[in-house]
Every structure is written in structure tokens, then in C-alpha cells.
Amino acid sequence: LFVVALFLLPLWGSDYMVAMTCIVGIHLIAVMGLNITTGSAGLISLSQAAFMGVGCYAVSWFARWGIPFWLALPMAGALAALIGMLVGLPSLRVKGMYFAIATLAAHFVLGFLFREWTPVTGGPGGVNIPPANFFGIELAGDHRMFYPIYICVLLLGLAAANITRSYVGRAFIAVRDRDISAEILGVNLLRYKVLAFMLGSFYAGVAGGLLGYFYGAITAEYFTFG
């Protein structure tokens with residue numbers, strides 16, 4: 001009943017309610033990714049906002065190249081996951097708060113690039129993103145973006161739930177609870193730590209892409225640590 005009421009919201013909700021629900025849905029995707037990285041695998045990540053920025057700036061370029069939004073979103077997530085892989089590599093050598101500091105460093109490095117790499121990110125002025133287009137239908141405005149956002153929430157939520165119940169999810173939990181014991185049981189620590197970070201970054205990249213399409217223009221100030 002809740003899901004049905006939610007998907008009928010654009011028919012009865014006010015413009016403000018629909019807009020706020022869209023923003024909640026976008027950030028819900030980013031938090032689901034963080035729950036994989038930190039909740040399941042126990043890797044404290046302080047760079048999720050920066051990976052949202054990667055996804056957002058990625059779709060701005062993909063849109064300029066004429067790539068449709070339904071393809072640009074997973075591509076933005078894949079790019080964020082690739083950068084997340086590089087950030088997650090030190091996870092085998094550093095743990096806990098030390099790894100959190102490493103992710104914090106990654107956040108500020110990416111934030112610096114967002115502000116200063118003007119040819120790519122537009123610098124402090126940000127970038128404009130053309131409206132999403134689905135087979136000739138322009139998805140401009142809160143009411144039209146509502147359904148793409150919540151279809152992504154539903155699909156990625158189901159994916160996250162299935163990952164948690166799979167062998168991969170059980171390996172994440174083993175790494176989180178006692179990584180030395182997990183390694184003795186045959187769990188490849190580096191593989192699963194990096195995979196957890198990549199999955200969390202992928203979710204953040206997709207959320208950032210949706211955020212860019214939703215607002216149509218974005219600046220680096222949105223992706224600050226605060």
C-alpha cells in the first residue's frame with residue numbers, strides 16, 4: 001500500500017511535496033550504497049558526497065555527447081566505481097579510523113578538482129545539464145523526474161537486498177566482523193573490501209547523475225563535506 005501510494009504521489013501531491021520526495025529518493029540511493037560499504041563491509045567512508053559529484057559531472061558530459069540518460073546513469077555509476085576502486089585499494093593496509101582519513105583525503109582531492117578543473121567541471125560556476133530524454137519524451141520538471149528516480153530506488157534497493165543475502169554479502173559481513181578470521185576461512189580481503197567500496201561508489205554515482213538531471217545545473221558547493 002505504501003509503494004502504491006508513493007507511486008501515485010505525483011497525481012495528488014503538491015509541487016513542493018513531489019520535489020522534496022524526489023530529493024529524498026536521490027539521497028536514499030546514495031545512502032544504500034554507503035550501507036553496503038560501511039554497514040555490510042565495515043569500511044568507514046567519508047567520501048560518498050564526492051562520488052555523487054563524480055556521477056553528476058559525468059552525466060553532464062555524457063548528455064553533451066548525446067548519450068541517453070538511461071545509459072548515462074549506469075555509465076556515471078561505473079566511472080564512480082572505477083575511482084572508488086582506486087580509493088579502496090589502501091583498505092588492505094589501513095583499517096578503521098586510518099582508512100576513514102584516507103577516504104576523507106579522497107573527498108577533498110575530488111572536491112578540489114570539482115572547483116578548479118574548469119574545462120571539465122565548469123569550476124565554481126558549475127555546469128548545466130540538458131533534461132533527461134526517454135525515447136523522445138523530455139523528463140523535465142519534478143513530476144516527470146519522479147518516476148525515473150523511484151524506479152532506480154526500487155531496482156537498486158532490490159539489488160542491495162539481494163547482494164546482502166548472497167555469498168558476496170556474507171563475505172562482506174565476515175570482513176566487517178573479523179577480517180583475520182574471514183581470511184582464514186578463505187575470503188579474499190582485498191577483493192571484497194575493494195568490491196564493497198566500488199559498489200558503494202556506484203550507487204553514489206547513479207545518485208549524483210539523477211541529482212544533475214533533476215536540478216539541470218549543479219555547482220561544486222553541493223558536494224562539500226558538510
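Q: Which elements each supply at least two residues of the lining of the largest pocket?
A: In this predicted model, α5, β3 (137-139), α8 (142-165) and α11 each supply at least two lining residues of the largest pocket. The largest share, five residues, comes from α8. About 320 Å³ of space lies in this pocket.

Q: What makes the lining of the largest pocket nonpolar in class?
A: The lining consists of 14 residues, and Phe69, Leu73, Pro148, Ile151 and Cys152 lie nearest the centre of the pocket. Phe, Leu, Pro, Ile and Cys count as nonpolar, and by class the lining has 14 nonpolar, no polar and no charged residues.

Q: Why is Ala171 called buried?
A: Buried means under 20% relative accessible area; Ala171 has 3%, and is therefore buried. Ala171 is found in helix α9 (residues 167-177). Beyond residues up to four places away in sequence, Ala171 touches Val187 and Tyr192.

Q: How do you know that the span of helix α6 agrees with its number of residues?
A: At 1.5 Å a residue, the 21 residues of α6 (residues 96-116) should span 30 Å; the end C-alpha atoms are 31 Å apart, which agrees.

Q: What puts the buried residues of α6 on the same side of the helix?
A: The buried residues are Phe99, Ala100, Thr103, Ala106, His107, Leu110, Gly111 and Phe114. They cover an arc of only 135° around the axis, and therefore lie on the same side of α6. Their cover includes α4 (48-64), α5 (69-88), α7 (118-121) and α11 (189-215). The face turned away from the buried side carries the exposed residues Met97 and Tyr98.

How values were computed: Residues are numbered from 1 along each chain as its sequence is written. This is a predicted model: local features need pLDDT of at least 70, side-chain atom pairs count only at pLDDT 80 or more; totals for chains, interfaces and linings use all residues. Side-chain values use heavy atoms; hydrogens and water are left out. Helices (H or I, at least four residues) and strands (E, at least two) are DSSP runs, numbered from the N terminus. The expected span of a helix is 1.5 Å times one less than its number of residues. Buried means under 20% relative accessible area, exposed over 50%, partly exposed in between (1.4 Å probe, protein chains only). The arc is that of the directions from the helix axis to the C-beta atoms. Contact means heavy atoms within 4.5 Å. On a 1 Å grid over the protein atoms alone, a cavity is a set of points where a 1.4 Å probe fits but cannot get out, and a pocket is an open set with protein on both sides within 12 Å along at least five of seven lines; lining residues have an atom within 4 Å of a point. Grid points are joined across faces, edges and corners, and a volume is the space filled by probe spheres set on the points.
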